[in-house]
Amino acid sequence: MVSSKPKGTAKVAKTGAKPPPAFKANKPGSGHKFKPGGAKKFEKTEGEDSGAAPAKKFVKPRGSGAGPKGFKKFDKSADGGPKKFGGNNKFGGNQKPGDNKFNKFKGKPNPLAPAEGEKQDWAKFKQEKKDLKLKRKSTRDTYEITKEAKQIYEKLRCRRTEHKDKLVEQIYKVLNVGDTISKVVKAHDTARVLQCMLKHAAPGLRAEISDQLLPFTVDMCQSKYAQFCVQRMLKYGAPATKSKLVESLMGNVVKLSTHNIASGLLDTMYQGATPQQRIHMRQEFYGDLYRKAKDASVKKLSDTYKEATNMKSSILGSVKANLDHVANKQLVDSSLVHAVMLEYLRACDEDEEKLEETVTAFSALVPHMLSTKEGSEAAVICFYKATPKNRRAIIKNIKEHLLKIATHEHGHVFLISLLNALDDTKATKKAIYDHLHGDLKTLVGNQYGRRVVQWLVAPGDTNCFHPGFIRTVDEGLAFGKKEKELRRKEIFEQIEAPITEAIIEDAAFWLSNSHIGLVTADILNHIQGESYAKAAGALAQVVAQPDWRISADATGPQPQDKKKPHNDVEAIIAEATKQRKKLLNNVSSSEDEEEDIESADEDNEGEDADTPKLKKAKKEKKKQEEVEVPLVTGVEEAGMHIVLKKILKNDGKRDGTPFSQQLLQSLSTDVLNFWLGVNRACFILVKLVEDSPALLDSCKKAIAAEKSLSQTLLGLKTPGAKLLAKKLNIGK
């Protein structure tokens, strides 16, 4: 028999009645008959509590307005009780749209609602709604002014309009009433009017408009629409205007650097600022003292506590707090933040705790720090001084960006430093090289990616890297435990086979131009044994082809366009407008007559209508510019000539079948006949017999076997042919 005493912490009623007994399940043999339908919930059995009142059954209420379980929702029949929220419409119960509790117009008559029993006229409803919206807009004090300005703007934005500077003057006369310009600059429609004015205005008027907007620059930088006016001021403004723009931000640099919209503009301004302005912008990260007043004697962070060392801890704390705030917002892709970060990391060498906290905060953001030189240096320091856990986090975060990092101007330096500092060589290959191997051609085809491959193959080689660069990268060796030579040997042993296979699979690519050829020569110089023999054989087959041609992108310096003066804004605008019209005219002339008629109305609508055409014109121009790279014969190209001589020079130290022997065996009579007529090809053969004396007789037999080849060689007057004939003793 189950006890009738309550279990747990059941609440007892305050009326003095005994607590209800605990719930008892109906089981056979428990003193109750087992009912097939199961026991009813919340039901007392007779005689269970002799002193209690008669048992009551808790029957689920049923009726209108009941919820899913039969209970009414917050409903009382008495007046003043809670209101009923349930019902059969979205406003609850039988409420009408105008009776909603949360309607801010509650109690006011709705002029748009239809009368009872009438059908809603939706066309009339939409028109009345439109009129009501227009009526609300007309209550603004700038409504009439902006309406007139936008009417003129519609003419101004059309590409066929002439004398646009006159229209800009008209708009300026309309808007230049009190503080109207500052009011309308943040609106989505009038902001576009001001952008167009800044673009097409005369220099004097542009400077005047900019001066009116300068006091509101901080707010504009944080506005969704006004930010584009700041961009126009930076693009079309005079140098004096740009300088004033930077000065107007002083005192709010840290605030703007943590704003999603303003951070990008701040970075652009920092890059275009003067050296003194850059120093002042960095000073604001040093603390509130420098935010309010700048110090000309402070050039970097270490100058702030140079004379007062007791201030070092508080100043570094302020810098750390500002950097942490930026990191929390994930807005570290900024030249300004990178510069401050680098100064901070160099200054807090002694404070390991602060350094570790900063590295932990920025470990997930390292890929965003590699876009600038300062950011790359800061990321390298973060990696060197990070704990093993943070190092693994950094490697994990850069995995998906490895190719971009390896082919970036500053990112590849970080990757080389990482390769040179890691002790676990197996993990290095798995985490870095294995992810890059699939894009090895892309890597070798890029000027920065080639440096990464060269460091993997020939780390610290002064023939490939500048001694200063090698010294900088070798600073990371102090943060590792394994010996330098052992680490580099282990890495190369693991990547030797995959690189050799890549060369054998597509040997023509590895000799497709002189830049890639230099990397190939470095690889051949370091691989050994069977790998070398296979790679050399594949490359020799390519060189011995009669139609071997390479791209001539490295034949010499290409003529470059003269740089336009950065302050000649009007010339830049005029040239851009001219090019735009030319592109659009070319597209229009190439289209059919019917398409021209259909697009005539669209052209009069303005610049927005021209956007698809302009994009199409730019794509066509890009296709025309992407002319195929001219190809030249491989043995005639100057750069490839140096590559082949370099391979042959290092060939004599090899065991087995060297490249020179495989090349000589692969040269057919027709190829030899062609080579003898090329001066540089003759010098290649001279180099071959000089560095490999054992091949002298083989080369002489190959040429003497064909009488025509000997006669051709003797009949040539080029320096290479004469020297080759002398080396082979032909004609004596």
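Reader: Is Trp-455 buried or exposed?

Author: Trp-455 is buried, because its relative accessible area is 3%. Buried means under 20% relative accessible area, exposed means over 50%, and partly exposed lies in between (1.4 Å probe, protein chains only). This is a predicted model, in which local features need pLDDT of at least 70 and side-chain atom pairs count only at pLDDT 80 or more, while totals for chains, interfaces and linings use all residues. Residues are numbered from 1 along each chain as its sequence is written, and side-chain values use heavy atoms, with hydrogens and water left out.

Reader: How many aromatic pairs are there?

Author: Rings of Phe, Tyr and Trp (its six-membered ring) pair if their centres lie within 6.5 Å; planes under 30 degrees apart count as stacked, over 60 as edge-to-face and the rest as tilted. By this rule there are eight aromatic pairs. One of them is edge-to-face, because the rings of Trp-455 and Phe-465 have centres 5.1 Å apart and planes at 70°. This pair links distant parts of the chain: Trp-455 is in helix α23 (residues 449–457), and Phe-465, ten residues apart from it, is in the loop between α23 and α24 (467–474). Helices are DSSP runs (H or I, at least four residues), numbered from the N terminus. Phe-465 is buried, with a relative accessible area of 2%.

Reader: Which helix holds Phe-469, the other partner of Trp-455?

Author: The rings of Trp-455 and Phe-469 have centres 6.4 Å apart and planes at 85°, so this pair is edge-to-face. Phe-469 is in helix α24, 14 residues apart from Trp-455 in helix α23. Phe-469 is buried at 16% relative accessible area. Trp-455, Phe-465 and Phe-469 form one aromatic cluster.

Reader: Which residues gather in a patch of positive charge?

Author: A patch takes residues with over 30% relative accessible area and no salt bridge, and joins like charges within 9 Å. A salt bridge is a side-chain nitrogen of Lys or Arg within 4 Å of a carboxyl oxygen of Asp or Glu. Lys and Arg count as positive. Here Lys-129, Lys-133, Arg-136, Lys-137 and Arg-140 gather on the surface. Lys-133 is in helix α1 (residues 122–138) and is partly exposed, at 48% relative accessibility.

Reader: What is the phi of His-163?

Author: His-163 has a positive phi of about 55°, although it is not a glycine. His-163 lies in the loop between α2 (143–156) and α3 (164–175), and counts as exposed at 59% relative accessibility. Gln-330 is also not a glycine, and its phi is positive, near 60°. Gln-330 is in the loop between α14 (312–329) and α15 (335–347).

Note on methods. Patches are made of residues with over 30% relative accessible area and no salt bridge: like charges are joined within 9 Å, nonpolar side chains (Val, Leu, Ile, Met, Phe, Trp, Tyr) within 5 Å. Accessible areas come from the Shrake-Rupley method with a 1.4 Å probe; for residues, only the protein chains shown count as cover. The place of a charge is taken as NZ of Lys, CZ of Arg, CG of Asp or CD of Glu. Helices (H or I, at least four residues) and strands (E, at least two) are DSSP runs, numbered from the N terminus.
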